[in-house]
Amino acid sequence: MMNENILDKNSLDLKIEMFPIGYVENDYLEPVYDENIYRKISKLILNEEFVEGLQRIEDFEKLQILFYFSKSEDYELVRRRRIDGELSGVFASRTPHRPNGIGLTLVDLLKVEGNVLYVKGLDAINGTPVIDIKPYTERFDNDSD
């Protein structure tokens, strides 16, 4: 059943509340750009109340991790992109300085031990709140023909 508030024309005034389902644990303490982070192993420590939600997560080799850039306090709608130095809109870049501060990274799932997921490729720093985890599936997430 769809929430009628979503369809309301005033939905842009809607406040959305979320809570972390866990947090990131790794060696990166500050938000600095370092491509080595993609080769490092991070732990996703889930709150115990969500462990049941991990059932059969090992059916997937890759996961999409949504997290909150908790140390990014501001944003600019246009700024230089890191990948090519071009001025671009915030929605045409991967900057952590975003209106809602939501990050998304595709990671390799290495193993699961209880409430801890070991992943490789996560570009979030130690202590970053994790908002959600979704399995990556070729069928739905890869647009190549």
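A: Helices (H or I, at least four residues) and strands (E, at least two) are taken as DSSP runs, numbered from the N terminus. In those terms, the sequence order of elements is α-β-β-β-β-β-β-β-β-α, that is, two helices and eight strands. The model is predicted: local features require pLDDT of at least 70 and side-chain atom pairs pLDDT 80 or more, whereas totals for chains, interfaces and linings use all residues. Residues are numbered from 1 along each chain as its sequence is written, and side-chain values use heavy atoms, with hydrogens and water left out.

The largest pocket holds about 790 Å³ of space. Its lining comprises 36 residues, of which Phe69, Arg82, Arg94, Thr95 and Pro96 are the closest to the centre. Two or more lining residues come from each of β3 (62-68), β4 (78-80) and β6 (102-113), and β6 supplies the largest share, four residues. A pocket here is an open set of points on a 1 Å grid over the protein atoms alone, where a 1.4 Å probe fits, with protein on both sides within 12 Å along at least five of seven lines; lining residues have an atom within 4 Å of a point. Grid points are joined across faces, edges and corners, and the volume is the space filled by probe spheres set on them.

By class, the lining of the largest pocket has 16 nonpolar, 10 polar and 10 charged residues. Nonpolar denotes Ala, Val, Leu, Ile, Met, Phe, Trp, Tyr, Cys and Pro; charged denotes Asp, Glu, Lys and Arg; the others, Gly among them, are polar.
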